[in-house]
Amino acid sequence: MIPLKYSPGWFNFPSIFIDFFSFLVLFSISLMSLKYYNLSGRNKKYKYISFAFLLICASFFFKLITNLALYYHEFVRTSKPTIITSTLETIRSYNMFTDLTFTLFVFLNLMGLYFLYSIYQEKQAKSMMFLITYFVIISTYFSNLNYYVFHITSFLLLTIISILYFDRYAENGNPHTKVLGFAFSSIAISQILFMFVSLDNVFFILAEIVQLLGYLLLFLILRRVVNYGKKKN
Amino acid sequence: MERKRTRIDIIHDMIISIQKKGGKIKPTHLMYKANLSYNQMNSYLEELIEKGMITKVEEKNSTYFVITEKGCSLAQKIIEMKSFEESFGL
């Protein structure tokens, strides 16, 4: 069950643009963190941040592929209504393909969020990591049956990450950390909105816009970090 | 409790100290400004000169260390990195 098919036709292109923008922001954060990992003399915390964002970025890559496949399929179906365009075999392989890309999107997204959360935990037993990975696999399996499972799990992880950033802001007083908290809160809210897409596709549009707001805030932090370096120098 | 300075923190402090002095500093000033021992300072200076971040110049019987373009660029990257680190609460 793929929630992406709830997008109204006219919103197909904007939704692909939003996902592509999110993908670019995530990739930039991952790349920047990797650059700092090399600059800092291989400080592991930068490597972990880079890996967490790379996982989420990879998930968006698969979301984009799923989206493109769905929209292309819809386009072919609606543009040639009188001609039978698909054999049963091609429909089956198409469904298998979108199921696979959707599964990869869910798994990588949840793993990325969990990994990001675990960076901020001082000490975590290895057994806990295995347990969480197991739960992520279970969530991925059930998300294929019912997409709510993915959005609920994602919402929980994103809310915990937002709280973590607000706690860090209380400690360091850095306004960027507060913006980071708001960015993850926005993405968490978008997950709630995604849960209602089957009621009305307006929720899909709203969810995508709120998600875009979250990624715009992340982009703003990136810009500020780079500009801060230039200004201070 | 203050955390121990890392290698990159020390390089950052040295480069910022030189910049604050207008891009040119005497070794003794650098030692105090960057809070380093004589041996520590020499070992870092050797590395920074070798990598072309700073150069050693002699003027009126005094030794100075001058920051290069490459050194300024490194300072910018380190400031960026520190801002990233603080922003992400690392």
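The model is predicted, and the predictor assigns the complex an ipTM of 0.80 and a pTM of 0.84. Chain B contains four helices and three strands. Its contact with chain A draws on 16 residues from chain B and 22 residues from chain A.

**Confidence**

- The average pLDDT of chain B is 87, and 97% of the residues score at least 70.
- Where pLDDT is low, the predicted coordinates should not be read in detail.

**Overall form of chain B**

- In sequence order, the elements of chain B follow the pattern α-β-α-α-β-β-α.
- Chain B has a radius of gyration of 13 Å, close to the 12 Å that the globule rule gives for 90 residues, so chain B is as compact as a globular protein of that length.
- The C-alpha trace of chain B spans about 45 × 30 × 20 Å along its principal axes.
- Of the 90 residues in chain B, 33% are buried.
- Among contacts in chain B with a separation of 6 or more, 45% are between residues 24 or more positions apart.

**The sheet of chain B**

- The three strands of chain B form an open sheet in the order 1-3-2, with antiparallel pairing.
- Strand 1 (24–25) and strand 2 of chain B are at the edges, and each has a single partner strand, so one side of each is left without a neighbour in the sheet.
- Strands of a sheet pair through backbone hydrogen bonds, either parallel or antiparallel.
- Strand 1 and strand 3 of chain B are joined over two bridges in the antiparallel sense, and B:Lys24 stands opposite B:Val66 in strand 3 of chain B.
- Strand 2 (residues 54–59) and strand 3 (residues 62–67) of chain B run antiparallel and are joined by six bridges.
- B:Glu59 lies opposite B:Ser62 in strand 3 of chain B.
- Strand 2 and strand 3 of chain B make a hairpin with two residues between them. One residue in the turn, B:Lys60, has a positive phi of about 45°.

**The contact between chain B and chain A**

- The contact is formed by 16 residues from chain B and 22 residues from chain A.
- On the side of chain B that touches chain A, the elements giving two or more residues are helix 1 (7–20) and helix 4 (69–87) of chain B.
- Helix 4 of chain B gives the most to this side, with eleven residues.
- By type, the residues on the side of chain B that touches chain A are eight nonpolar, four polar and four charged.

**Helix 6 of chain A**

- Helix 6 (residues 175–194) of chain A has 20 residues. The distance from its first C-alpha to its last is 29 Å, close to the 28 Å expected at 1.5 Å a residue.
- In helix 6 of chain A, 14 of the 20 residues are buried, so this helix is largely enclosed by the rest of the structure.
- A:Ser186 is in helix 6 of chain A and counts as buried because it has 21 C-beta neighbours inside 10 Å, where the cut-off is 20 or more.
- Not counting residues up to four places away in sequence, A:Ser186 touches A:Val210, A:Leu213, A:Gly214 and A:Leu217.
- A:Ser186 and A:Leu217 are 31 residues apart in sequence, and their C-alpha atoms are 9.1 Å apart in space.

Technical notes. Residues numbered from 1 in each chain as written. Chains lettered and ligands numbered in written order. Predicted model: local features only at pLDDT ≥ 70, side-chain atom pairs only at ≥ 80, totals over all residues. Contact = placed C-beta atoms within 7 Å. Nonpolar A, V, L, I, M, F, W, Y, C, P; charged D, E, K, R; others polar. Rg over C-alpha atoms; globule rule 2.2 N^0.38 Å. Buried ≥ 20, exposed ≤ 12 C-beta atoms within 10 Å, placed from the backbone. Pairing = 2+ DSSP bridges. pLDDT = per-residue confidence, 0-100. Expected span 1.5 Å × (residues − 1).
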